[in-house]
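Thanks for coming. I have one structure to go through today, and I will start with the overall picture before turning to single residues.

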Amino acid sequence: MNTTISTAIAEVLTEVLERPVTDLRPEMRFDRDFDLDSYMFVQFLLRLEDKLPGLRFDPETIGQAGFNTMENLVQHVEASLARAEQAHA
């Protein structure tokens, strides 16, 4: 797993949940393991955008179902940042 992205996710989760978040694993689920409801998940994604320059989530697909596991979210963020980098090259 990309450590830069994982670290950013842990930092943002810590902010949103107001408690330390460490030891993230690829199979962790945001709803089950962190008890994020849909509102908190959107807040989490918006803060993650602020933390990682170039990251943007499509408002039409910003739901939890698409990337509810840590692994799925990291893959999505990697792809999104790669597209943003290519667009600026």
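Helices here are DSSP runs of H or I of at least four residues, strands are runs of E of at least two, and both are numbered from the N terminus. On that basis the protein has three helices and zero strands. Its radius of gyration is 12 Å, close to the 12 Å that the globule rule gives for 89 residues, so the protein is as compact as a globular protein of that length. That radius is taken over C-alpha atoms, and the rule is 2.2 Å times the number of residues to the power 0.38.

Two notes on the source. This is a predicted model, in which local features need pLDDT of at least 70 and side-chain atom pairs count only at pLDDT 80 or more, while totals for chains, interfaces and linings use all residues. Residues are numbered from 1 along each chain as its sequence is written, and side-chain values use heavy atoms, with hydrogens and water left out.

Of the 89 residues, 38% count as buried; buried means under 20% relative accessible area, exposed over 50%, and partly exposed in between, with a 1.4 Å probe and protein chains only.

Now helix α1, residues 3–17. Its 15 residues, at 1.5 Å a residue, should span 21 Å, and the end C-alpha atoms are 20 Å apart, which agrees. The expected span is 1.5 Å times one less than the number of residues. After the helix comes Glu18, with a positive phi near 60°.

Which way do the buried residues of α1 face? They pack against α2 (38–51) and α3. Among them are Ile5, Ile9, Val12 and Val16. An α-helix has 3.6 residues a turn, so residues three or four places apart point the same way.

Next, Met28, in the loop between α1 and α2. Is Met28 buried or exposed? Met28 is buried, at a relative accessible area of 9%. Neighbours within four places in sequence aside, Met28 is in contact (heavy atoms within 4.5 Å) with residues including Phe34, Asn68 and Met70. Met28 and Met70 are 42 residues apart along the chain, yet their C-alpha atoms are separated by 5.5 Å.

Last, Ser80, in helix α3, residues 70–88. Ser80 is buried, with a relative accessible area of 6%.
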